[in-house]
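Subject: Structure for your review

Dear colleague,

Please find below the structure that I am handing over to you.

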Amino acid sequence: MATADPSPADVLIIGGGASGMVAAISAARLGRRAILVEKSSSLGRKLLASGGQRCNLSNTLGTDQFMERVGRDGRFMGPALEELGGPKLREFFHGIGVQTVVLDGFRVWPETRKSSTVLAGLVGELERLEVPIHTDCEVQSTTFEDELFHVTHPGGVFRSKELIVATGGLALPKSGASGGGYAFAESFGHKVTARHPAGVPVVTKEDWTARLTAHTIGKAHLAVAMKKHAKVARIGDLIFTKKGLRGPVVLDISRDLSPLLERYGEVPVHLNLCRGQSQEDWQAHFREWKTAPPKPLTDWLETQLPREVAEVLCELSGVTPSTLVQKVPGEAKDTLIRTLVKTPLTITGHTGYDGAFVTRGGARLKDVRPETLESKLQPGLYLCGEVLDLDGPCGGFNLQWAFASGYLAGTGQSTHQPAR
Ligand SMILES: Cc1cc2nc3c(=O)[nH]c(=O)nc-3n(C[C@H](O)[C@H](O)[C@H](O)COP(=O)(O)OP(=O)(O)OC[C@H]3O[C@@H](n4cnc5c(N)ncnc54)[C@H](O)[C@@H]3O)c2cc1C
């Protein structure tokens with residue numbers, strides 16, 4: 001158990017996850033006396049779980065494209081990415097003995113494809129820099145008195161000249177995520193926006209998805225079927241589950257679905273399971289099939305999508321799948337084509353923070369300077385990583401942000417004080 005430290009540290013970092021560890025490293029490399037405090041018994045639990053324990057730690061996008069893909073508020077990331085964006089992050093990891101690879105031209109992984117390698121590299125560097133690490137030490141409150149931050153934990157009080165809140169979000173509670181950091185930010189006057197699970201599988205009202213769990217649909221189109229939110233749409237791999245949908249396209253769109261679910265209770269969506277084929281494409285297929293030797297409908301549909309999926313879509317359209325294509329009445333064919341182009345589903349929920357990989361919402365960006373990540377309300381206070389109201393899609397966006405923002409926060413370039 002940690003005890004009170006008589007001499008104040010230069011900087012105390014709350015949270016030993018991806019962003020907190022890198023913040024401690026960047027501070028210590030500048031010769032600053034840093035202390036890292038983590039409530040769990042070990043560092044980087046979420047990092048270990050990331051990318052199916054393989055850790056997709058970044059991607060190959062340039063800064064502008066990266067921020068564009070993040071979407072809403074992505075530009076806030078600019079200065080942090082300048083400091084430790086993709087290529088620099090890979091150099092940083094190579095420098096601590098973690099080689100990285102790109103196998104698909106996009107995602108960056110540790111060469112070992114093990115998140116434990118990434119964690120070992122970070123912990124090794126913290127040890128080399130002799131950063132005091134206090135695990136099993138849950139911070140309870142934070143105050144600023146007599147020009148110092150006072151950080152209270154069950155074993156006493158730490159004091160520091162600067163404070164970095166790197167407490168992450170709410171996803172994967174068993175990794176230590178509890179949202180305590182939001183209260184620390186609030187205690188200094190920061191506003192915290194509504195939080196929702198993101199990167200999360202969704203639950204549907206319809207139960208036919210349970211019949212298709214064996215299938216992964218590549219380049220599926222998934223769009224919200226509400227006039228006001230028609231722009232909420234994504235393309236990517238989709239997997240059916242017993243209770244709904246998962247897969248990259250679902251994880252990505254869930255960032256936008258979660259707030260809509262909270263607002264409306266349920267959200268109608270349209271799927272296109274045939275790489276976005278249009279009404280005209282299907283009309284052309286049917287014209288061609290009708291002039292070919294007679295075959296059941298599903299035999300033809302199987303050329304475009306898995307047979308079981310085709311059968312379900314036929315049933316949804318009221319068409320018997322075994323009907324010879326020439327015998328399908330015109331009206332039934334039109335209904336089927338409509339279903340193929342826009343398969344209706346109703347999203348009624350998600351699997352919650354246990355199944356989510358990131359939190360949407362957090363400490364309001366307006367209160368933080370992007371160029372330093374210092375609070376605008378409390379000099380010497382910094383926020384980094386997922387505790388901020390920023391989240392990205394699948395593909396290394398969130399870890400890249402955690403590392404880069406931690407690195408920037410750790411340099412402590414306060415604009416409230418003379419430059420170091
Ligand atoms: C299953 C899963 C897979 C993922 N895979 C990927 C992936 O492959 N690529 C990617 O880019 N992103 C991935 N993510 C997202 C990514 O892991 C997170 O966005 C990132 O780890 C956030 O880093 P962080 O440092 O902000 O927070 P965290 O890593 O959550 O660290 C915060 C730390 O603060 C500690 N803490 C909280 N409160 C206190 C307190 N009061 N006192 C002391 N300590 C405290 C917590 O215990 C925790 O260790 C994944 C997430 C999950 C859940």
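A residue counts as buried when its relative accessible area is under 20%, as exposed when that area is over 50%, and as partly exposed in between. Leucine 399 has a relative accessible area of 14% and is therefore buried. Please note that the model is a predicted one.

Leucine 399 lies in helix 13, which covers residues 397-411. Apart from residues up to four places away in sequence, leucine 399 touches Ala18, Leu47, Ser50, Cys55, Asn56 and Leu57. Between leucine 399 and arginine 33 there are 366 residues of separation in sequence and 25 Å in space, taken from C-alpha to C-alpha.

Overall architecture

The protein contains 13 helices and 18 strands. Its C-alpha trace extends over about 85 × 40 × 35 Å along the principal axes. The chain has 420 residues, of which 54% count as buried. Among contacts in the protein with a separation of 6 or more, 73% are between residues 24 or more positions apart.

The barrel

Six strands form a closed barrel in the order 11-14-13-12-15-16, and their pairing is antiparallel. On average, neighbouring strands of this sheet are turned by 50° against each other, direction ignored.

Several of the pairings can be described individually. Strand 12 (residues 216-224) and strand 13 (residues 233-240) run antiparallel and are joined by six bridges. Within this pairing, histidine 221 has isoleucine 235 of strand 13 as its bridge partner. Strand 13 also pairs with strand 14 (residues 244-246), again in the antiparallel sense, over two bridges. Here the bridge partner of phenylalanine 240 is leucine 245 in strand 14. Strand 13 and strand 14 are connected as a hairpin through three residues. Strand 15 (residues 267-272) and strand 16 (residues 343-350) are antiparallel as well, with five bridges between them. In that pair, valine 267 stands opposite isoleucine 347 of strand 16.

The hairpin of strands 7 and 8

Another antiparallel pair is made by strand 7 (residues 141-145) and strand 8 (residues 148-153), over five bridges. The two strands form a hairpin with two residues between them, and aspartate 146 in the turn has a positive phi of about 50°.

Which residue of strand 8 stands opposite serine 141? It is threonine 152. Serine 141 itself belongs to strand 7. With a relative accessible area of 30%, serine 141 is partly exposed. Leaving aside neighbours within four places in sequence, the contacts of serine 141 are His150, Val151, Thr152 and Phe184. Serine 187 is 46 residues from serine 141 in sequence, and their C-alpha atoms are 8.4 Å apart.

Helix packing

Two helix pairs deserve a description. In the first, helix 1 (residues 18-29) packs against helix 6 (residues 115-128) at an angle of about 35°, the axes being 10 Å apart. The crossing of helix 1 and helix 6 is left-handed. Helix 1 contributes Met21, Val22, Ala24, Ile25 and Arg29 to the contact, while helix 6 contributes Leu119, Leu122, Val123, Glu125 and Leu126. By class, the contact of helix 1 with helix 6 comprises eight nonpolar and two charged residues, with no polar ones.

In the second pair, the axes of helix 11 (residues 307-316) and helix 12 (residues 330-341) come within 9 Å and cross at roughly 125°. Are these two helices oblique or perpendicular to each other? Angles of 65 to 115 degrees count as roughly perpendicular and those over 145 as roughly antiparallel; helix 11 and helix 12 are therefore oblique to each other. Their crossing is right-handed. Leu313, Cys314 and Leu316 of helix 11 meet Leu336, Thr339 and Leu340 of helix 12 in this contact. The residues of the contact of helix 11 with helix 12 comprise five nonpolar and one polar, with no charged residue.

With kind regards

Technical notes. Residues are numbered from 1 along each chain as its sequence is written. This is a predicted model: local features need pLDDT of at least 70, side-chain atom pairs count only at pLDDT 80 or more; totals for chains, interfaces and linings use all residues. Side-chain values use heavy atoms; hydrogens and water are left out. Two strands pair if DSSP finds at least two bridges between them. Helices (H or I, at least four residues) and strands (E, at least two) are DSSP runs, numbered from the N terminus. Axes are lines fitted to C-alpha atoms, for helices over the stretch in contact, and angles run from 0 to 180 degrees between N-to-C directions. Angles under 35 degrees count as roughly parallel, over 145 as roughly antiparallel, 65 to 115 as roughly perpendicular and the rest as oblique. A crossing is left-handed if the near helix is turned anticlockwise from the far one by less than a right angle, and right-handed if clockwise. Contact means heavy atoms within 4.5 Å. Ala, Val, Leu, Ile, Met, Phe, Trp, Tyr, Cys and Pro count as nonpolar, Asp, Glu, Lys and Arg as charged, and the others, Gly among them, as polar. Buried means under 20% relative accessible area, exposed over 50%, partly exposed in between (1.4 Å probe, protein chains only).
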